[in-house]
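Reader: Hi! I have a protein structure open and I'm new to this. Could you walk me through it?
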Amino acid sequence: MREDISVVMEKDPAARSAREVLLYPHIHALWAHRVSHWFYHRGFRVTARAVSMLARFVSGIEIHPGAVIGRRFFIDHGASVVIGEDVVIGEDVMLYHQVTLGSVGWWRDFKRPPGTRRHPRLEDKVIVGVGASVLGPVTVGTASRIGAGAVVAVDVPPHSRVSGSARECHITPDPTSTTGEAVSAAASPDPAPSGQAAAPAPQKMPKRGATPPSRTNRSART
């Protein structure tokens with residue numbers, strides 16, 4: 001519990017004292033989740049649900065009892081956060097308000113084999129911005145940052161930055177990372193298939209007033 005409070009003190013400049021942190025919705029939701037998670041994995045599903053619903057009523061944060069949450073987890077502000085059943089969250093992860101860690105929809109979930117994941121996995125030191133959604137059984141790599149309002153439905157390499165919607169999700173290496181390991185397939189052009197030549201590079205348009213190449217060749221011949 002002391003570690004939970006110290007994390008808030010470290011990451012929220014508005015936190016002035018430990019007593020003040022005890023009033024944070026994140027603290028209520030996190031501690032209640034540990035209780036509901038204990039009941040959930042011992043077969044007391046109704047009791048687990050009751051505890052999680054009580055925490056949602058008090059904090060505005062909905063965490064399914066089945067979710068696995070690592071140490072030093074922090075939800076800033078905490079309003080309207082939803083965390084699904086088989087979400088796995090690593091250590092030192094931070095979410096902002098209105099974040100959804102959920103599935104892509106029941107019409108796809110019922111087609112999955114029994115026991116397969118439906119919700120995302122967030123590795124250590126991931127930050128998810130305001131209003132972002134991470135959907136489906138995807139993995140967000142270590143120390144990646146999901147921008148505000150982004151919709152992520154694909155795997156994200158470690159040390160990446162993500163912005164945009166589901167149709168135009170831009171994944172780029174984090175310039176603040178010193179590892180240099182983040183390479184995004186979504187951010188790089190697709191290689192040409194084997195046996196086919198790559199598309200030619202676009203040609204530059206001639207400047208206004210410049211002599212076209214054909215005219216230059218004619219004058220050289222005369």
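Reader: What classes of residue make up the lining of the largest pocket?
Author: The lining has three nonpolar, six polar and four charged residues. One thing to keep in mind as we chat: this is a predicted model.

Reader: Thanks! What volume does that pocket have?
Author: The largest pocket has a volume of about 160 Å³. Of the 13 residues lining it, His64, Val82, Gly84, Glu85 and His119 are the closest to its centre.

Reader: Which strands supply at least two residues of the lining?
Author: Strand 1 (61-63), strand 4 (81-83) and strand 7 (100-102) each do that.

Reader: Okay, new topic. How many helices and strands are there in the chain?
Author: The protein chain has six helices and 15 strands.

Reader: And what is the order of the strands in the open sheet of four?
Author: The order is 2-5-8-11, and the pairing is parallel. Strand 2 (68-69) and strand 11 (139-140) are at the edges with a single partner strand each, so one side of each has no neighbour in the sheet.

Reader: What holds paired strands together in general?
Author: Strands of a sheet pair through backbone hydrogen bonds, in either a parallel or an antiparallel way.

Reader: I clicked on Val93. Where does Val93 lie?
Author: Val93 is in the loop between strand 5 (88-89) and strand 6 (94-95).

Reader: Is Val93 buried or exposed?
Author: Val93 counts as buried, because its relative accessibility is 0% and the cut-off for buried is under 20%.

Reader: What does Val93 touch, not counting residues up to four places away in sequence?
Author: Val93 touches Arg72, Phe73, Phe74, Leu122, Glu123, Asp124, Lys125 and Val126. As for Phe74, the C-alpha atoms of Val93 and Phe74 are separated by 6.5 Å, with the two residues 19 apart along the chain.

Reader: Nice. One more: where is the place of His26, and is His26 buried or exposed?
Author: His26 sits in helix 3 (residues 25-40). His26 is buried, with a relative accessible area of 1%. Leaving aside neighbours within four places in sequence, His26 is in contact with Val8, Ile61, Phe73, Phe74 and Ile75.

Reader: Last one! What share of the chain do buried residues make up?
Author: Buried residues make up 33% of the 222 residues in the protein chain.

Methods. Residues numbered from 1 in each chain as written. Predicted model: local features only at pLDDT ≥ 70, side-chain atom pairs only at ≥ 80, totals over all residues. Heavy atoms only, no water. Pairing = 2+ DSSP bridges. 1 Å grid on protein atoms, 1.4 Å probe; cavity = no way out; pocket = protein on both sides within 12 Å on 5 of 7 lines; lining within 4 Å. Points joined across faces, edges and corners; volume = space filled by probe spheres on them. Nonpolar A, V, L, I, M, F, W, Y, C, P; charged D, E, K, R; others polar. Buried < 20%, exposed > 50% of the residue type's maximum accessible area, 1.4 Å probe, protein only. Contact = heavy atoms within 4.5 Å.
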